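Let's take a walk through a protein structure together, one piece at a time. Keep the sequence and the 3D view open beside you as you read.

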Amino acid sequence: SSANLERARTTLREVFGFESFRMVQEQVVGRVLGGQSTLAVMPTGAGKSLTYQLPAVMLEGTCVVISPLIALMHDQLRSARANGIRAATLTSADADWRETQDAFRAGALDLLYVAPERASQPQFRDFLSAAPLALFAVDEAHCVSEWGHDFRPDYRQLRPLMDAFGDVPRLALTATADLRTRGDILGQLGIPDDGLVISGFDRPNIRYTIRPRDNLSRQLERLVDEQPGPGIVYAGTRKKVEDLATSLARSTGRPVLPYHAGLPAEQRAANQAEFVASEDMVMVATIAFGMGIDKPDVRFVAHAGVPKSIEAYYQETGRAGRDGDPAEAVMLWSAGDFATARMRIGELDEARQMGERQRLDGLAALVEAATCRRAILLRHFGETPSESCGNCDNCLNPPQVLEVTELAQKLLSA
Ligand code: ADP
Ligand code: MG
């Protein structure tokens, strides 16, 4: 209700010190306060923790948080306590079990962090019965799914535990964008299908451009000239990486380094470190580059070829503009890229072919689209965006219908 949300905003300011909700958080917090079980899918860094910590402060009873890593729990504990929230962990690494149990029984805990192993212990169920519960929060909820990338069998014990407290709402949290995993989480944790909230995938400062490759060197030169800041150019093979790095260095005068799995490990580490420290370097790389690199000021990500799926495209372009300043994502494709990709898929195990083909088809649809690129991306992740973003090639320069048909034909003949 609106009174709830009014109180939530006050708590947000007074307890957490934040001026406003991020849009996604408000929706999730509203549901939790209303007692509705929810699966919230929000990207990393979007602020998932707040969506259970804030209701935990507002609601009667304790919020039980299931979290897969002890180190993660202790970080959360420190920051919650720094905000004056009454929080504790119950793990094998804790010496103050007795105190924590007494505090819980006395109703003096807002948050109780536990590891998933605890869920399968009958004593733990008895223990939880001793005081009122406000909420079950399941962090990193994709761990419950075998489709996810991090399956934890102990997460399967959470459902029976939570079912034993049937009227306590559940909030599952994850950043994973895979459809099948999401469906699995809902089923495995007993959250109704209409409890799914997905949001926050938009990266409004990234301008998306997707165009055919006619003269790669010239197209990349132009991009590099227009964007004096650091950038990444993805190419499909080691040889292409080496060739492009050499030609771009020569033609643009910018510092350019290559990165691919064929380079010695020390060389890769050194090139990466140089890139991270640089304010104007262009890194030409295979997709081996980028995972876990923390560089907020990447001004452009270019693809000299096609990524293998929309997820891959989103993840790779997402390395641009993390500081929120304007950034470019430019894909330069050719019909030959799709032909090569289809050929590679044909060489895979039979079992993997269909999935990979569907993923490539999804990407092809994005490439040949005449409508807003961002809207297609966001719909892919389950969001309901507006028709037009005003910050992609198709919104800025609506393509002529004729031209689009030509492109579609090129793709079909690939
Ligand atoms: P996630 O679990 O989704 O990756 P976290 O819960 O760890 O994200 O939060 C990421 C960061 O965002 C934290 O530093 C947190 O304090 C901050 N944050 C969360 N909500 C807000 C908000 N409404 N306003 C400003 N900062 C926020
Ligand atoms: Mg988190």
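Before we start, here is a definition for sorting residues: Ala, Val, Leu, Ile, Met, Phe, Trp, Tyr, Cys and Pro count as nonpolar, Asp, Glu, Lys and Arg as charged, and the others, Gly among them, as polar. Please also keep in mind that this is a predicted model.

With those classes in hand, look at ligand 1. Which residues surround ligand 1? Its shell is made of F18, F21, R22, Q25, M42, T44, G45, A46, G47, K48, S49 and L50. Sorted by class, the shell holds 5 nonpolar, 5 polar and 2 charged residues.

If you want to find a particular pair, A137 has L171 in strand 6 as its bridge partner.

Now move along the chain to strand 11 (residues 282–285). In a regular strand, the side chains alternate between the two faces of the sheet. In strand 11, V282 and V284 are on one side and M283 and A285 on the other, and all of them are buried, so both faces are covered. Strand 11 pairs in the parallel sense with strand 9 (residues 231–235) over 4 bridges, and V233 stands opposite V284. Strand 10 (residues 256–259) likewise pairs with strand 11 in the parallel sense, over 4 bridges, with V284 as the bridge partner of P258. Together, strand 10, helix 12 (residues 265–277) and strand 11 make a right-handed β-α-β unit.

Strand 12 (residues 300–304) comes next. Why is strand 12 described as largely enclosed by the rest of the structure? The reason is that 5 of its 5 residues are buried. F300, A302 and A304 cover one side, while V301 and H303 are on the other. Strand 12 pairs in the parallel sense with strand 9 over 5 bridges, and there Y234 has H303 as its bridge partner. Strand 12 and strand 13 (327–333) also pair in the parallel sense over 5 bridges, with A329 as the partner of V301. Strand 12, helix 13 and strand 13 make a right-handed β-α-β unit.

Is G321 buried or exposed? G321 counts as buried because it has 24 C-beta neighbours inside 10 Å, and 20 or more are needed for that label. Leaving out residues up to four places away in sequence, G321 touches R203, N205, I206, V298, P326 and A327.

Definitions and conventions. Residues are numbered from 1 along each chain as its sequence is written. Chains are lettered from A and ligands numbered from 1 in the order in which they are written. This is a predicted model: local features need pLDDT of at least 70, side-chain atom pairs count only at pLDDT 80 or more; totals for chains, interfaces and linings use all residues. A residue is near a molecule or strand if its C-beta atom, placed from the backbone, lies within 6 Å of it. A residue is buried if 20 or more other C-beta atoms lie within 10 Å of its own, exposed if 12 or fewer, and partly exposed in between; C-beta atoms are placed from the backbone. Helices (H or I, at least four residues) and strands (E, at least two) are DSSP runs, numbered from the N terminus. Two strands pair if DSSP finds at least two bridges between them. A crossover is right-handed if, with the strands pointing away from the viewer, the path from the first strand over the helix to the second runs clockwise. Two residues are in contact if their C-beta atoms, placed from the backbone, lie within 7 Å.
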